[in-house]
Amino acid sequence: MGNKEMEVVKGLNVERYMGRWYEIASFRSAFQPKNGVDTRATYTLNPDETVHVLNETWTGGKRGYIEGTAWKVDPKSDEAKLKVKFYVPPFLPIIPVTGDYWVLYIDEDYQYALVGQRSRKYLWILCRQSSLDEETYNQLVEKAKEEGYDVSKLHKTTHSETPPESEGPKDTKGIWWLKSIFGK
């Protein structure tokens, strides 16, 4: 099942996709703190048609973030297959890390999405709000299962009742990133 070609969204309206998305659930990543809360991504269209990516999470009240750039793999294709590149570690961005960002599903109102990638090592359930009703969540989990993901690895992201709006205190030293590598 994991070997079948994944179906991705066709005809994604990139401008409508821009803005803030809250991480509702994901597969854990070495690039995120294990105990991060209020995790979100903000996408902004650049003049050159690439996308500025800002990923944020809060650990112990401190904001950790990483910025990157995303672009369409094949500008001539109508498939929502993008590449995203970050430089790590965030406090000394010297090592480029590139990955797939495939939009596997999005509702017609662009309010929730399922995002994955070719290897099926990473998966995200995203929503414009910091919470998603259980029925919709379960439908997205089912879609992920149909695409060959081991959904038992999904971890729900904790969000505050009032997610931070401001940047909050910054972890400018990137300590959160180092701790996350070691599973703290």
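Which backbone nitrogen does the side chain of asparagine 13 reach? The views below start there, in a predicted model.

**View 1. Asparagine 13, ahead of helix α1.** Asparagine 13 sits in the segment before α1 (14-17). Its side chain reaches the backbone nitrogen of glutamate 15, at 3.1 Å. Asparagine 13 is partly exposed, because its relative accessible area is 32%, between the cut-offs of 20% and 50%. Aspartate 78 is 65 residues away from asparagine 13 in sequence. In space, the C-alpha atoms of asparagine 13 and aspartate 78 are 9.8 Å apart.

**View 2. Strands β1, β2 and β3.** Strand β1 (residues 19-27) and strand β2 (residues 37-45) run antiparallel, joined by 4 bridges. β2 also runs antiparallel to strand β3 (residues 51-59), with 7 bridges between them. Alanine 41 gives a way to read across the strands. Tryptophan 21 stands opposite alanine 41 in β2. Alanine 41 in turn stands opposite asparagine 55 in β3. β2 and β3 form a hairpin, with 5 residues between the strands. In that turn, glutamate 49 has a positive phi of about 80°.

**View 3. Threonine 57 in strand β3.** Threonine 57 has its place in β3. The side chains of threonine 57 and threonine 39 make a polar contact at 2.7 Å. Is threonine 57 buried or exposed? Threonine 57 counts as buried, because its relative accessibility is 4%, and the cut-off is under 20%.

**View 4. Tyrosine 43 and tyrosine 101, an aromatic pair.** A search of the whole structure finds 7 aromatic pairs. In one of them, the ring centres of tyrosine 43 and tyrosine 101 are 5.9 Å apart. Their planes meet at 80°, so the pair is edge-to-face. The pair links distant parts of the chain. Tyrosine 43 is in strand β2, and tyrosine 101 is in strand β6 (residues 95-106), 58 residues apart. Tyrosine 43 is buried at 8% relative accessibility. Tyrosine 101 is buried too, with a relative accessible area of 12%. Tyr43 and Tyr101 belong to one aromatic cluster with Tyr17 and Trp21.

**View 5. Tyrosine 122 and tryptophan 124, a stacked pair.** Why does this pair count as stacked? The planes of tyrosine 122 and tryptophan 124 are at 15°, and the cut-off for stacking is under 30 degrees. The ring centres are 6.0 Å apart. Tyrosine 122 is partly exposed, with a relative accessible area of 25%.

**View 6. Charged ends over aromatic rings.** Two side-chain arrangements are shown here. The charged end of arginine 63 sits over the ring of tyrosine 65, 4.2 Å from the ring centre. The charged end of lysine 81 sits over the ring of tryptophan 102, 4.4 Å from the ring centre.

**View 7. Strand β7 and its two partners.** β7 (residues 112-116) is mostly covered, with 5 of its 5 residues buried. In a regular strand, side chains alternate between the two faces of the sheet. Tyr112, Leu114 and Gly116 point one way from β7. Ala113 and Val115 point the other way. Residues on both sides of β7 are buried.

β6 and β7 run antiparallel, with 4 bridges joining them. Isoleucine 106 stands opposite alanine 113 in β7. The hairpin of β6 and β7 has 5 residues between the strands. Tyrosine 110 in its turn has a positive phi of about 60°.

Strand β8 (residues 123-127) also runs antiparallel to β7, with 5 bridges. Valine 115 stands opposite tryptophan 124 in β8. β7 and β8 form a hairpin with 6 residues between them. Arginine 120 in that turn has a positive phi of about 65°.

View 8. α2 (residues 134-146) has 13 residues. At 1.5 Å a residue, they should span 18 Å. The end C-alpha atoms are 18 Å apart, which agrees. Thr136, Tyr137, Leu140, Val141, Lys143 and Ala144 are buried in α2. These residues cover an arc of only 160° around the axis, so they lie on the same side of α2. An α-helix has 3.6 residues a turn, so residues three or four places apart point the same way.

Terms used:
Residues numbered from 1 in each chain as written. Predicted model: local features only at pLDDT ≥ 70, side-chain atom pairs only at ≥ 80, totals over all residues. Heavy atoms only, no water. Helix = DSSP H or I, 4+ residues; strand = E, 2+ residues; numbered from the N terminus. Buried < 20%, exposed > 50% of the residue type's maximum accessible area, 1.4 Å probe, protein only. Polar contact = N/O pair within 3.5 Å; in protein donor to acceptor, adjacent residues only side chain to side chain. Pairing = 2+ DSSP bridges. Phe/Tyr/Trp six-rings, centres within 6.5 Å; stacked < 30°, edge-to-face > 60°. Lys NZ or Arg CZ within 6 Å of the ring centre and 35° of its normal. Expected span 1.5 Å × (residues − 1). Arc of directions from axis to C-beta.
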